[in-house]
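Come along and look things up with me.

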Amino acid sequence: MSTPVHKGIMESVKDTLVGSIKGTGEIVTTVVDTVSGTLVSTIKGTGAIGTALTSTVSDVLRGAITGTAQVGGDLGATAKGGVIGVLKGTKEVGAEAVGTISTSARVLVKSAAEVGGDVGLVARNAVEGAIAGAKSVGLGAEAAASAAATGALKGAGEISQEAVEQVQRAVTGAIAGVKVVVKEPFK
C-alpha cells in the first residue's frame, strides 16, 4: 500500500528538479530546497519516523538523482545539496541526524550507479554536504563526514567491488579540511 505513495514522492521530486534545473541551471540550492521541503511536508503529513523516515529519505534522494541525470546536471552537486537538504529537513522535524546522513550517502551512491553516474564523485560530494550541513544540526564535522563516508561505502558494497574501490579512493583522507574516518565495517 505504501509503494504508490513513495513512488509519488520520488516522481514529484524528480519532476520538480527537472523543471527547476532547466529553468535556473542552479543545482545545489534547488536540491537543498526541494529535498528539505519535501521531507518536512511528508514527515509532518504522515508522522513518518524510523523506517518510514528512511524510506522517505531514500525516495526523495532517488528522485533528486534521477531528475538531475535526466537533464544532464551535475550529480555531485545534487549529492551535496541532497545531504544538506536532508539535514535541514530532519532538523525541522526533530529526526536523528547521523543515521540519516549515512542513509542519504548510501542511497545517493546507489542511485548514481543506477543512472550511470560517477559513484566516487557522488560519494565525495555527499561527504562535503554532510560537513557543510553538520553545524546546523549540532553535529561535529568529523562525525558527519564519517557517517557519510560509511554510508557511501555501504551503498557501493551493494553495487560492486569496483564501486567500493572508487568510493574508498574518493572518501579517504581529508575532505573540506576534515579528516574522514570510516568507523564501522561497511559491508
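**Entry 1: Ser36.** I started with Ser36, which lies in helix α2, residues 28-46. I kept in mind that this is a predicted model. Is Ser36 buried or exposed? Its relative accessibility is 7%, so Ser36 counts as buried. I then looked up its partners, leaving aside neighbours within four places in sequence, and found Ser36 in contact with Val31, Gly85, Lys88 and Gly89.

**Entry 2: Val35 and the core.** Next I turned to Val35 and asked for its contacts, again leaving aside neighbours within four places in sequence. The list for Val35 reads Val60, Leu61, Ala64, Gly82, Gly85 and Val86. Gly85 is also a contact of Ser36. How many residues does the largest nonpolar core have? I noted 52 residues, and those with the most contacts inside it are Val35, Ile101, Leu108, Val127 and Val167. I jotted a general reminder beside this: in soluble globular proteins, nonpolar side chains tend to be buried together.

**Entry 3: Leu75.** I found Leu75 in helix α4, which covers residues 75-93. Its relative accessibility is 11%, so Leu75 counts as buried too. Not counting residues up to four places away in sequence, Leu75 touches Ile65, Thr68, Ala69, Val115, Gly117 and Val122.

**Entry 4: α4 against α6.** For helix pairs I wrote down two values each time, since two packed helices are described by the angle between their axes and the distance between the axes. The axes of α4 and α6 come within 7 Å and cross at roughly 35 degrees. I noted the crossing of this pair, α4 and α6, as right-handed. On the α4 side the contact includes Leu75, Lys80, Val83 and Leu87, and on the α6 side the residues include Val122, Asn125, Glu128 and Ala132. Sorted by class, the contact of α4 with α6 has 12 nonpolar, 4 polar and 2 charged residues.

**Entry 5: α6 against α8.** I stayed with α6, residues 119-134, and looked at its packing with α8, residues 161-171. The angle is about 40 degrees and the axes are 8 Å apart. How are α6 and α8 set relative to each other? They are oblique, and α6 passes α8 in a right-handed crossing. From α6 I listed Val119, Gly120, Ala123, Arg124 and Val127, which meet Ala163, Gln166, Val167, Ala170 and Val171 of α8. The residues of this contact divide into 7 nonpolar, 2 polar and 1 charged. I was pleased to meet Val127 and Val167 again, as both are among the residues with the most contacts inside the largest nonpolar core.

**Entry 6: Thr100.** I moved on to Thr100, in helix α5, residues 97-114. Thr100 is buried, with a relative accessible area of 7%. Which residues does Thr100 touch, not counting those up to four places away in sequence? They are Leu53, Val86 and Thr90. I looked up one separation as well: Thr100 and Asp74 are 26 residues apart along the chain, and their C-alpha atoms are separated by 22 Å.

**Entry 7: α5 against α7.** These two helices pack at an angle of about 40 degrees, with their axes 7 Å apart. The crossing of α5 and α7 is right-handed. Among the α5 residues in the contact are Val98, Ile101, Ala105 and Val109, and among those of α7 are Ala144, Ala148, Thr150 and Gly151. By class I wrote down 9 nonpolar, 4 polar and 3 charged residues.

**Entry 8: Ser146.** I looked for Ser146 and found its place in helix α7, residues 141-157. Its relative accessibility is 6%, so Ser146 counts as buried. Leaving aside neighbours within four places in sequence, Ser146 is in contact with Val181, Val182 and Lys183.

**Entry 9: Ala176.** My last stop was the loop between β1 (173-175) and β2 (178-180), where Ala176 is found. Is Ala176 buried or exposed? At 57% relative accessibility, Ala176 counts as exposed.

Note on methods. Residues numbered from 1 in each chain as written. Predicted model: local features only at pLDDT ≥ 70, side-chain atom pairs only at ≥ 80, totals over all residues. Heavy atoms only, no water. Axes fitted to C-alpha atoms, helices over the stretch in contact; angles between N-to-C directions. Helix = DSSP H or I, 4+ residues; strand = E, 2+ residues; numbered from the N terminus. Parallel < 35°, antiparallel > 145°, perpendicular 65-115°, else oblique. Left-handed = near helix turned anticlockwise from the far one by under 90°. Contact = heavy atoms within 4.5 Å. Nonpolar A, V, L, I, M, F, W, Y, C, P; charged D, E, K, R; others polar. Core = buried A, V, L, I, M, F, W, Y, C linked by side-chain atoms within 4.5 Å. Buried < 20%, exposed > 50% of the residue type's maximum accessible area, 1.4 Å probe, protein only.
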